[in-house]
Amino acid sequence: MKVTRRDLLVWSAGAAAGLMVTPVPWKLLDDSSIWSQNWPWIPQPMRGPVEVKQTCCSLCPNGCGMRVRMAAGWPVGVAGVSSHPISRGALCPLGFGAHQLNWHPQRLRTVRHRGIPSSWSQAQSAFTRACSEGPVVIIDGYPGRAPSSVFETFSQKRGAYRVAVGSESRALAPYESWGGVPSAALGYDLENAQTIVSFGAPLLDGWGTPGRFTRLWAERAAGMTDPQLRLIQLEASLSRTAARAWQWIPLRAGSDSALAAGVARVLLEERLVAARGPMPPLTVSDAAAQTGLTPDAIRDLARTMAARPPVVAIAADHNRAIAALNVVLGSAGARGGLVRRSKRAQPWISADPAIASVRAMLIDSSVPWDFAPQTDAEVFRFAAWDGGSSKADWLLPAPGFLEELTDVPTAPTSAIETFAVASSLVKAPPQVQNAAQFLCSLDSSLSTTEKIIHARCQELFRARKGTVIGQEATPLAKFTSVQKLEEQLWKGAVWVGEPSQPESLRCELKEWPAAVASSHPESWLTRWPEAVLPPLASKLYTESSLREMPEKGNA
Amino acid sequence: MSARYGMVIDLDRCTGCGSCMMACAAENNVPPLPQASARTGLTPMLVRKVSNGMEGVARREAFIPIMCMHCEHETPCVRVCPQQAVEVDKATGIVMQMPQRCLGCRYCMTACPYHARYFNWRDPAWPSGMEKSLNPGVAVRMRGVVEKCNMCHARLHSAKEKAAAAGRREIDPADYVPACVEACPTGAIRFGNLADKNDPASQEARSPDAFRLLARIGTEPKVYYKSKEAWVRALAESTSGPSSKGASEVQHG
Amino acid sequence: MASSVLTDSRWIARGEERTSLSRFLLWLAPWAVVLAVGIYAAGLCLYYGLNQTNMDNRFAFGLWIFLDLGIIALGAGAFFTGFLVYILKRVELRTILNTAVVVGFICYSGAVAILMIDVGQPLRAWFTFWHPNTHSMLTEVTFCISCYLLVLCLEYVPILLRNRQLRKLPSFLVFEHQLHKLVPVLAGVGTLLSFFHQGSLGGLYGVLRGRPFAFRAGFFIWPSTFFLFILSAIASGPSFLMLVTATAEKVTGRRLVPQELFRRLGFISGVLLGIYVAAKSIDTLIWLNITSPSVGFAPWQYYIHKPFGTPILFAEIVLFGLLPAFLLTFRRTAMRRGWLLSAAALACAGVLLNRFVLTVQTLAVPTLAFDEFLQYTPSWQEIASFAGVMAYGVIVYSLSYRYLPLFASPKGEDTHVSGD
Amino acid sequence: MRARNAVVFGLGLAVALVAGWVVFPRVLYVQRQQPIEFRHRTHAEKSGVADCNECHALHEDGTFAGIPAMGKCAGCHSERIGESKAEATLVDNFIKPGHETPWLVYARQPANVWFSHAIHVKRARLACVECHSTYGESDQVRVYEVNRISGYSRDIWGHSMSRLRRAPHEGMKMSDCEDCHRWQNVEVGCLGCHE
């Protein structure tokens, strides 16, 4: 039988009609749409048990309380802890994306020697050799922790221990020289201040522990025409803080010292304050000329400041004139001003970026990437993320977010002492260790971080002072054993010391400090110096134009 | 009981830090795509910087967080969606966007006066390994669909589940707080049930300082704003900028 | 000559004079290249997603939607001619009926093809049929356009089957004959469907409460743009048919339809355009003075953004509305082919401008006080895929012209007008 | 002529029907074996587990444990009990190295679905068998079938391609959820069940 073209057509018609009453077209239509809802190349969240852990953030020295949601053992979300006495439930914007940092494309996972993959044993032998050949400097960006103590002990015999701290801590240095109290023991008693005069300090934009001032400002100043807390921002440009301040006074960039001097002069001349310091050499009209303000504006500012004590001036950086203004105001060592929060803190020596005649330099991962030392020494830099420094001979992969055990000492600007423990909640990648572990592996006589934390807990327990704030606040005296205390701290509780004694800081100032050209860098949140940010932050700020991105693009 | 979830955002308290944006994006598994740009980005919560248009000492700036306003009446996006991928939930008043139903026609985006809807112009992607940090309560969207603020629905799910396990019908309000509200360091965002007269958010929404964006269009948005600053109110309530040269600092392009 | 080797005279209707196959292929070649590039661009959009376009979150609709709306309006000639011929019994328009069907088919299939690229998830487009939101204008558009495309296919098939070779299959001839009986019914159905989707396309923007530039008051559930779109579509449809035929005459060098038919089409177009302009003017006045101010938008603020100043409104109503309406109806100008065709072109440009204003200006104009005016430039992929659709149109039209009795009367007798 | 046409047409029809109803399902679904031969009944009888909840626990916060983690198995199977091959696989391949067993979950919904066992079990008081049938009393693991295109378990659509005959554990498509909700007068919005 001959198959004709016609047969083929009729057959196809039958097949087509038949196909319509089979599942084929309908199921394919359905399945293909379901396929498009579950494309295999779209990542899906992990399945697994969900739990919430409380800890403290150790990414910067401010140690905000953090609640970390974990799914299948990985952190999947971060929130603040509202019971935390300093951070009060807030985090900095970057904190909310911190759980993604460990997966950052710039994460360091292997030892690198001058850009070439190397190994820990080679790094160890290189460091041991360096130690035997000459002095070694260890630079710490987050002093006061248990690892810092490891660094100090190690460098006592072999070289020097130095710290590279942020501008907030540097702003406290003048009081150390005038009052003899280590700046590590000083803080601002913001909670009792009624007038806060900020010389360009980004108070509402990442200054100090973010939650502390923003919460305070929100409760006592936000949206009020006559706020309980007067925030006066003296700054050349309309920053985020200036935009929200009770008063914004734009002054010429870099003229903060002149303004401080001018204000101090008015205060003393008009006897608005009891004379506690020397008369600044600068006249009000000179100050006006330098700052671009009118002499009357400076007088008004001085009167406003004196009108609502306690008043405190906050410098953005190491500015001695502003510190001197606080002395004139009587705010150094007074309620609502600068206070000494700790009796135990040791003075530390700031790291000078130009360090010569050193054989080797070990930089801890807590040191920000903008600290780029000019030295001939062999540099061993620990870091969790490659921030793009070319200066390090050795790049050593350090634990990232929540990957290491550390204690969290008092935040730099805090008025009261705190102590917390950040335990290691996430398993670190195999090739990773921190500087303290590295040193302990070289010198077995060193106490490990764990032992130091244990010792500190015992010390706290013996002192029987302060309160432990966990699920609820418990006076430390009620703890029956150090184990109980440790258990609480490891679960994310915070120990809070007793209120500070303002009078224990006394500043002697013979003459007005010579003007130092102040160039306070923009807030780390306004223009990020660090190249490593949570990828979400990079994305969101690009899309919202809320903040300027670092010049060099990164993921 | 049928709730009407809404928010009151105190603009005088907003410092423009961006915590809400970060918390929102992290909660909702927004991909950190490196090709991000202001025009094709994905910001279910977007803080916009506005100014009074002046320069020098007279200049004032404020920040306005923009998100889905969860319009109650004639919800523009719900009316236009051809295949019911958006709806106003009867029980909560939340305007729900279902990316899995969406065909990506973007008609809802042209309908939304607040530009609070975002299209997935690209397939989502994370740096290798980062998918382990995804929130398990929120499904990742694929390219070609529209998404927006769903008022952190995953948190409502958890709250409901917790209530069911405890044998309760109603959720505990403390269990359901959207990520942006929780993250705001100044407590500028108040979240609550607007249908409940005793709810603090509902009371604040009725305060004389409260207003809504483009309220005259008549869509009854459930996100309120408040500010004591006259220029902020004038700018937010009016429909045209203070001057023809852009009042907005948000640079598009 | 190559044509002696390669010939397709078997397929060309008896008695028709057509250019040689090689010349024809030469004519098709550039269009085929454009089509190929268009398919490639469309493929890029489907494979990589819509990031290949320059659309963004504010400009969620771009070139594609504008041109879709435009060609669907211009394609309205198909249903309207059918309506005139079969419902209103204007038999003198029969000559142009096949052209109208082919042009309509091209416009609609092209528009649907572009829409399938334009949506982010084409695989889920059928959800509209399965989970329709009956309140949405887009649902109405989707249903009507897909149904009407089916109708156009059914109308196109009889024309296709009258090809010289295809006619040889006896069952095809029967099929064609049966289908042909259906054509008046199809014309009626098509009219109804078209009426609704042309209107819904206008409603698409008119209902946008959140876009006061587009939002219009209306009757019952339909905003005024619903009716304006129908009017402008049927006004420009005949003009577009006239332009297409005139272009075909120019390209082939033959007179295909009598000049009288052009005049008649022009007159229909002109009268409807006049009605449209009047309605549009009233609508604009109501919108500027009542609708828009009532939601807090002062009329001036729509027109402060260059290049969308008031001149564009003037152009839309007067230059591309009133003027062609006058030229098409006024006897002295309508008698002159040049004037007539220019007026038809103006009318078509006018409907395109209207669609442009409604799609693009609506999105460009800010709604929030702190929004800004935005601009958008289509990417090459957008332009190329649309150019591909145009090339597809030219190719389908050329093939239809060559192999099908386009200008024959639908009865099938060789009574077509062959010029020269 | 007509008869011939009818026969040819019928032939086409028949081929399509066979292809669509018989061949197509076999092509569309792939069969996969579970990693271990697991017997619900043995566990119920030998270890005295009476309640599904003992292994498939509902946590206090309402989250559902699903298939128990390795730790639960290791409670008894830290060393081999018995001689079976499955026992060896379990202990040597999973428990000792500490790997989770990659069970193929018959009722697995995609990531965009939020299903709360707590709400259905605690509030609506649905018994396990109403959705999962009597699989908990079975003596062997079923074959797991996966859809090649959508990646879904066959239980979601159900074994009957026409969806006309369905066992209780089959049919977990959205329309099935909707049907039950409609019967029970439970009104939920899209995001009531979607993530």
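The model is predicted.

**Stop 1: the sheet in chain A**

Select residues 50–56 of chain A, strand S1, and residues 74–80, strand S3. These are the edge strands, and each pairs on one side only. The three strands form an open sheet in the order S1-S2-S3, with antiparallel pairing. From one strand to the next, the twist averages 30°.

**Stop 2: where chain A meets chain D**

Show chains A and D together. Chain D puts 24 residues into the contact, and chain A puts in 23. On the chain D side, helix H1(D) gives the most, with 14 residues. Which classes make up that side of chain D? There are 15 nonpolar and nine polar residues, and no charged ones.

**Stop 3: two crossing helices**

Select helix H1 of chain A, residues 5–20, and then H1(D). Their axes come within 7 Å and cross at roughly 40°. The two helices are therefore oblique to each other. Their crossing is right-handed.

Now colour the residues that make this contact.

- From H1(A), select residues including A:Asp7, A:Val10, A:Trp11, A:Gly14 and A:Leu19.
- From H1(D), select residues including D:Asn5, D:Phe9, D:Leu13, D:Val15 and D:Gly20.

Colour by class next. The residues of this helix contact divide into 13 nonpolar, seven polar and one charged.

**Stop 4: the two domains of chain D**

Select residues 1–32 of chain D for domain 1, then 105–195 for domain 2. Taken over C-alpha atoms, their centres are 31 Å apart. The domains touch: seven residues of domain 1 of chain D meet eight residues of domain 2 of chain D.

Which elements of domain 1 of chain D supply at least two residues each to the side that touches domain 2? Helix H1(D), residues 2–28, and strand S1(D), residues 29–32. The largest share of that side, four residues, comes from S1(D). By class, this side of domain 1 of chain D has five nonpolar residues, one polar and one charged.

Technical notes: Residues numbered from 1 in each chain as written. Chains lettered and ligands numbered in written order. Predicted model: local features only at pLDDT ≥ 70, side-chain atom pairs only at ≥ 80, totals over all residues. Pairing = 2+ DSSP bridges. Axes fitted to C-alpha atoms, helices over the stretch in contact; angles between N-to-C directions. Domains from an automatic or database assignment. Contact = placed C-beta atoms within 7 Å. Nonpolar A, V, L, I, M, F, W, Y, C, P; charged D, E, K, R; others polar. Parallel < 35°, antiparallel > 145°, perpendicular 65-115°, else oblique. Left-handed = near helix turned anticlockwise from the far one by under 90°.
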